[in-house]
Amino acid sequence: MAELSSRPAQKLSKYGWYGNVRLQRFHIPEETAIARWTFTVTRGNSFYCGQHNVTVYIRWGAPPVINPTDCVFPNGTLWNPSLSLILPVISQNSTMFNLSDPAPGEWFVAAHLPEDDGRIEQKGFPSCTYFFQPQLSVRRAVDTPVLPQDAFLTQTASFEQPARLKLFVPEFASSLSVSVRDCSSGEAAESGNCWLLLSLGSASLLQRPVTVNCSGMSCSASLVNPPWDTWLRVVVESSQVNRSMTFRITWSYTEGCKPRSVGLEGGDEFKKPQNSSSQSNSTSANTTEVSNGFSFANKSSALPTSLTVSACMWSVPVLYEEVDVLSLRFTAANGSNVSVTDTHPTLLTYPLPSQATGGTLNLKTQNDHVFVGCSSTLPCSEMFCIYEVMAWASLMSRVCYASFSSSCGNASVVSVVPELSVSACVEDCGSYGECRLLRSYSYLYAGCVCKAGWKGWGCTDYSSALSYGRQLLSTLLLTLSNLSFLPAIVVATRRFYITEASVYCFTMFFSTFYHACDQPGVAVLCIMDYDALQYCDFLGSVCSIWVTILCMAQIRAIAKYTLFMLGALLIAMSMQLDRKGLWNMLGPILCAILLMASTWVYRGVRRRHCYPPSWKRWAFYLIPGLCCALVGVCLYIFAETEDNYYYTHSLWHILVATCVVFLLPPEEKQREALGWSRGFRWRWSWRPQICGYTLCESSKQELYTVT
């Protein structure tokens with residue numbers, strides 16, 4: 001039976017942090033024989049972009065943990081690399097990847113472009129774009145026979161059609177063995193040669209099935225520590241082409257450690273963990289008991305009495321609390337302290353729900369004389385297991401190393417405080433990072449975005465970090481460069497362009513404090529919400545350009561101030577829709593330039609003379625102002641990168657403010673018509689009435705007449 005699943009094409013991004021990765025999730029059902037992924041990358045534009053390499057990662061059970069920039073992981077971090085494919089793309093590339101007998105469950109595919117070069121691309125300009133679309137087709141086996149225990153089943157296998165079977169692994173099984181006997185090909189000459197390939201388990205890329213190449217009449221394959229309470233796949237195929245093999249197959253298992261009883265005894269009590277964090281989240285966290293038995297509430301430091309000395313390990317029940325999104329906390333049901341002996345290991349089982357695979361598993365123990373095995377046997381006191389999945393067990397056994405023999409003494413029991421939790425990011429990304437929640441359709445995961453030159457999975461790699469002096473210099477340049485608007489404000493005020501001067505004051509103020517709040521690192525000052533500062537900075541910048549060009553047009557006052565208000569409202573609306581869009585700046589600029597050019601052409605044609613008429617105005621004001629504006633725009637669009645931003649953008653502030661000083665037109669001669677005389681000199685406007693008559697004032701002479 002064949003099944004096909006596809007995902008919509010997504011635009012790829014250059015890798016800077018995990019949020020630039022395009023993550024897709026696929027589900028492979030049980031009894032899948034073959035899985036085939038088809039990865040298609042297409043170029044989204046028509047012009048030539050050269051060859052780019054797209055990196056694709058595949059992982060079972062959890063999102064891939066990747067490190068394309070070779071950064072340093074946080075100390076004590078366990079992670080496994082994922083399978084990666086490099087797809088060279090010029091215009092289009094379609095690559096297929098086949099996997100036989102894949103592990104059932106969730107599979108994740110991630111893709112990204114090469115590392116970001118740091119260049120700041122302005123939104124709206126044409127650029128090379130690539131789209132990634134994965135597809136998955138699976139072929140499932142139908143009516144797979146169940147392999148009986150301690151009973152032989154006769155099967156036939158060939159090279160083209162292998163025999164597929166399955167068996168159920170019970171709880172507490174420590175090992176199992178699958179045996180093949182009485183193998184024959186039906187030909188008398190080769191009846192003693194088996195020529196079979198026996199495989200146990202599924203392929204998850206990080207772990208291959210156990211494979212045995214059989215020869216002779218019989219063979220067997222063993223699996224140590226098989227997964228409990230799950231179906232195990234058995235595949236038998238002939239290693240000879242065009243030849244079928246008949247055989248008999250069976251299996252058996254052994255129980256290395258099994259408790260005498262599980263569950264709750266009479267008089268036992270259930271005890272929730274009592275700590276400050278649990279109490280503070282008691283109204284929002286869901287608590288679940290996830291073990292097969294309870295421990296005694298009044299025996300938190302003692303061993304469970306339900307297990308006798310003949311038992312091979314102590315099993316401690318565990319509680320978990322859903323604290324927040326991608327945040328779980330596990331605690332021993334009988335209290336935070338767990339007793340560990342030197343004769344029996346203590347087992348704590350932590351089943352992780354599937355929605356927690358997008359986070360980080362954290363384990364800490366507060367005892368140096370405890371041997372901790374977490375998926376692999378490692379002595380540790382603090383550990384981060386990134387993106388682990390399924391049931392996860394911590395097996396602790398007291399071990400006295402030579403260097404610790406004096407502190408171990410003759411004590412037979414020690415107390416351990418294991419702290420295991422699931423968090424969104426490793427140590428909340430540290431002081432120079434921010435943990436952000438990401439989403440791929442309905443699946444949630446998290447990643448760290450680093451700042452101030454820090455990088456890595458947990459923002460702990462300081463190889464390219466900015467020093468405090470560099471951070472302070474960046475903040476001072478980007479904020480103090482806005483003081484270059486002061487000459488523009490003074491010139492506008494002296495020429496009675498009060499509205500324009502007010503807009504320049506608004507721009508200078510919010511640009512200064514926006515860049516003070518926008519800085520990475522510790523040299524930061526935010527006087528209000530970051531989003532509000534950014535909105536006001538972008539709005540003031542575009543409005544400053546708008547009012548300056550309209551002022552240069554020198555149209556009538558009523559028309560100019562109407563356009564001031566109408567343009568400010570439209571700019572505010574467009575900034576709310578997309579404040580970083582290209583046309584939010586180009587639209588008002590082009591409209592204002594078109595209006596200014598129309599008025600200048602009209603006056604030039606009417607006067608039969610170039611406008612403005614003075615060559616000094618062109619040589620000493622307009623041309624230098626236009627040059628400053630052109631250089632500033634080129635720096636803003638083409639030259640800014642992450643590394644030089646602090647001085648190229650500061651130069652942009654200076655050039656824009658300088659061009660305003662040059663481009664503002666001279667003081668208008670007829671200020672009375674504009675209303676500025678009345679605005680600065682108040683006059684008495686009350687007219688008395690005498691015997692029902694009103695005294696009328698002549699606007700030309702100080703004469704009063706009675707009407």
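This dialogue walks through a few features of a predicted model.

Colleague: Where is Asp428 found, and is Asp428 buried or exposed?

Modeller: Asp428 is found in the loop between strand 32 (418–423) and strand 33 (433–440), and Asp428 has a positive phi of about 55 degrees although it is not a glycine. Its relative accessibility is 54%, and the cut-off for exposed is over 50%, so Asp428 counts as exposed.

Colleague: Which residues does a cis peptide bond join?

Modeller: The cis peptide bond joins Tyr611 and Pro612, with an omega of about -5 degrees. Pro612 sits in the loop that lies between helix 8 (583–607) and helix 9 (615–639).

Colleague: How do I describe two helices that pack together, and at what angle do the axes of helix 5 and helix 10 cross?

Modeller: Two packed helices are described by the angle between their axes and the distance between the axes. Here the axes of helix 5 (residues 498–517) and helix 10 (residues 645–663) come within 13 Å and cross at roughly 175 degrees, which means that helix 5 is roughly antiparallel to helix 10. On the side of helix 5 the contact is made by Tyr504, Ser511 and His515, and on the side of helix 10 by Tyr645, His649, His653 and Val660.

Colleague: Is Thr38 buried or exposed, and which residues is Thr38 in contact with beyond its neighbours within four places in sequence?

Modeller: Buried means under 20% relative accessible area, and Thr38 is buried because its value is 17%. Thr38 lies in strand 5 (residues 32–43), and, leaving aside neighbours within four places in sequence, Thr38 is in contact with Ser94, Thr95, Met96, Gln133, Pro134 and Gln135.

Colleague: Which residues make the nonpolar surface patch?

Modeller: The patch, of about 640 Å², is made by Tyr468, Leu472, Leu476, Leu480, Leu483, Leu486 and Val522, and helix 3 (residues 468–480) gives the largest share, four residues. Leu472 has its place in helix 3, and Leu472 counts as partly exposed because its relative accessibility is 34%.

Terms used
Residues are numbered from 1 along each chain as its sequence is written. This is a predicted model: local features need pLDDT of at least 70, side-chain atom pairs count only at pLDDT 80 or more; totals for chains, interfaces and linings use all residues. Side-chain values use heavy atoms; hydrogens and water are left out. Patches are made of residues with over 30% relative accessible area and no salt bridge: like charges are joined within 9 Å, nonpolar side chains (Val, Leu, Ile, Met, Phe, Trp, Tyr) within 5 Å. Accessible areas come from the Shrake-Rupley method with a 1.4 Å probe; for residues, only the protein chains shown count as cover. A salt bridge is a side-chain nitrogen of Lys or Arg within 4 Å of a carboxyl oxygen of Asp or Glu. Buried means under 20% relative accessible area, exposed over 50%, partly exposed in between (1.4 Å probe, protein chains only). Contact means heavy atoms within 4.5 Å. Axes are lines fitted to C-alpha atoms, for helices over the stretch in contact, and angles run from 0 to 180 degrees between N-to-C directions. Angles under 35 degrees count as roughly parallel, over 145 as roughly antiparallel, 65 to 115 as roughly perpendicular and the rest as oblique.
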